[in-house]
Amino acid sequence: MAKRTLREIMTENLATVTLLDNVYEVAVKMRDWNVGVIPVVNEQKDVIGVITDRDIVIRGLAEKHQGSSKVEEVMSRDIVLGTPEMTVDAAAKLMAKHQIRRLPVVDNGKLVGIVAIGDMAIRNILQDEAGEALAEISETASRH
């Protein structure tokens, strides 16, 4: 049986923001799309970061920024990326290694989708690897 790839399970229709957006606009987009992470892209659709609901709370609100912060002030720049041809197994291991629950997927540097650890488990694809990755992420998070 051929190994499944991220292309087969990634979400392709996704919200994005740019550095021109502010945190309020990101929060509204998160609410409207019912998501907790949004990739930050430039005009060419290159991924330059991600902004999570946690980024907004920790870097946006807890650090007492006045008004609505710029995306640039709260986004995470140190991001891990996958490719459409990456196997689900390789992606699960990468996500566990970097303690992340979501992996933006790029093709030739351009954003084409995103995969969440839950996508792997929900679709019964390599359930053991996805479960192990989630367990590792959750275990490390509970120690912090």
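Reply: Let us begin with a term: helices and strands are DSSP runs, numbered from the N terminus. In this model, which is predicted, the chain has seven helices and four strands, and along the sequence they follow the pattern α-α-β-β-α-α-α-β-β-α-α.

Me: Where does T16 lie in relation to these elements?

Reply: T16 lies in the loop that runs between α1 (6–9) and α2 (23–33).

Me: Is T16 buried or exposed?

Reply: A residue counts as buried when its relative accessible area is under 20%. T16 has a value of 17%, and therefore T16 is buried. Leaving aside residues up to four places away in sequence, T16 touches K29, I38, P39, V41, K45 and L111. Across the chain, which has 144 residues, buried residues make up 40%.

Me: How should I think about a pocket, and what is the volume of the second largest pocket?

Reply: Rolling a probe the size of a water molecule over the atoms shows where empty space is left. The second largest pocket here has a volume of about 270 Å³. Its lining is formed by 15 residues, of which T11, L14, V35, V37 and I114 are the closest to its centre.

Me: Which strands supply at least two residues each of that lining, and how does the lining divide by class?

Reply: Both β1 (37–41) and β4 (110–116) supply at least two residues each to the lining of the second largest pocket. By class, that lining consists of ten nonpolar, three polar and two charged residues.

Definitions and conventions: Residues are numbered from 1 along each chain as its sequence is written. This is a predicted model: local features need pLDDT of at least 70, side-chain atom pairs count only at pLDDT 80 or more; totals for chains, interfaces and linings use all residues. Side-chain values use heavy atoms; hydrogens and water are left out. On a 1 Å grid over the protein atoms alone, a cavity is a set of points where a 1.4 Å probe fits but cannot get out, and a pocket is an open set with protein on both sides within 12 Å along at least five of seven lines; lining residues have an atom within 4 Å of a point. Grid points are joined across faces, edges and corners, and a volume is the space filled by probe spheres set on the points. Ala, Val, Leu, Ile, Met, Phe, Trp, Tyr, Cys and Pro count as nonpolar, Asp, Glu, Lys and Arg as charged, and the others, Gly among them, as polar. Buried means under 20% relative accessible area, exposed over 50%, partly exposed in between (1.4 Å probe, protein chains only). Contact means heavy atoms within 4.5 Å.
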